[in-house]
Structure formats: structure tokens, C-alpha cells
Amino acid sequence: MSESMTIARALRTAKKLAGQIAERQNRLRSVCSWREGVKPDFDFATTLTEHDAAVADLTRLRVGIARANALTTVTHRDV
């Protein structure tokens, strides 16, 4: 994820990614065990790979947001 975006858009994207991560964590918890002979609802390996990719994206995005906030200054009043 190396595209340029506004801080507001980055925050919305971070919230969306956090939701996707939570959903995948729930899926991973639910497929830890199942009855023999019954196929699980989700493929564990695929869901884990998607989860890890989303966590990596969110981490990079949060670092970018923190950098942008650190470099941004706001003048409230002329002093």
C-alpha cells in the first residue's frame, strides 16, 4: 500500500481494515475444531494468510498516519 491519501481517508481505511481483521480472527477461532467428516466453513490457511496481510497493511497505514500527524502543524492564533 504505497498510495498517497489524506489523513481522513487513511483513518477510514484503518477502521475498515480493523473490522476485517476482527472478522478474520472470529473465523479463525471458529475453525479451530470441527466434527470429523464435516468440511469447515472457512479454509484455515487462506483465512490466516488474509489476516496476516491485513495486519501488515494496517500496521503500515498506522505508521503513515503517525508520521503525517507528527509532521503536521496547525496555527490556531497569530501569536
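What share of the 79 residues in the protein chain is buried?

1. Buried residues make up 18% of the chain. Here buried means under 20% relative accessible area, with a 1.4 Å probe and protein chains only.

2. This is a predicted model; local features need pLDDT of at least 70, side-chain atom pairs count only at pLDDT 80 or more, and totals for chains, interfaces and linings use all residues. Residues are numbered from 1 along each chain as its sequence is written, and side-chain values use heavy atoms, leaving out hydrogens and water.

3. The protein chain holds 2 helices and 0 strands. Both terms refer to DSSP runs, numbered from the N terminus: helices are H or I, at least four residues, and strands are E, at least two.

4. Take α1 (7-30). Its 24 residues reach 35 Å from first C-alpha to last, close to the 34 Å expected at 1.5 Å a residue. The expected span is 1.5 Å times one less than the number of residues. Buried in α1 are A10, T13, A14, L17, I21, R24 and L28. They pack against α2.

5. Now α2, residues 44-71. Its 28 residues should span 40 Å at 1.5 Å a residue, and the end C-alpha atoms are 41 Å apart, which agrees. T47, H51, A54, L58, L61 and I65 are buried here. Their cover includes α1.

6. Look at contacts (heavy atoms within 4.5 Å). Of those between residues at least 6 apart in sequence, 64% join residues at least 24 apart.

7. The chain exposes about 6,500 Å². Carbon and sulfur atoms supply 54% of that area. The method is Shrake-Rupley with a 1.4 Å probe.

Terms used. Buried < 20%, exposed > 50% of the residue type's maximum accessible area, 1.4 Å probe, protein only.
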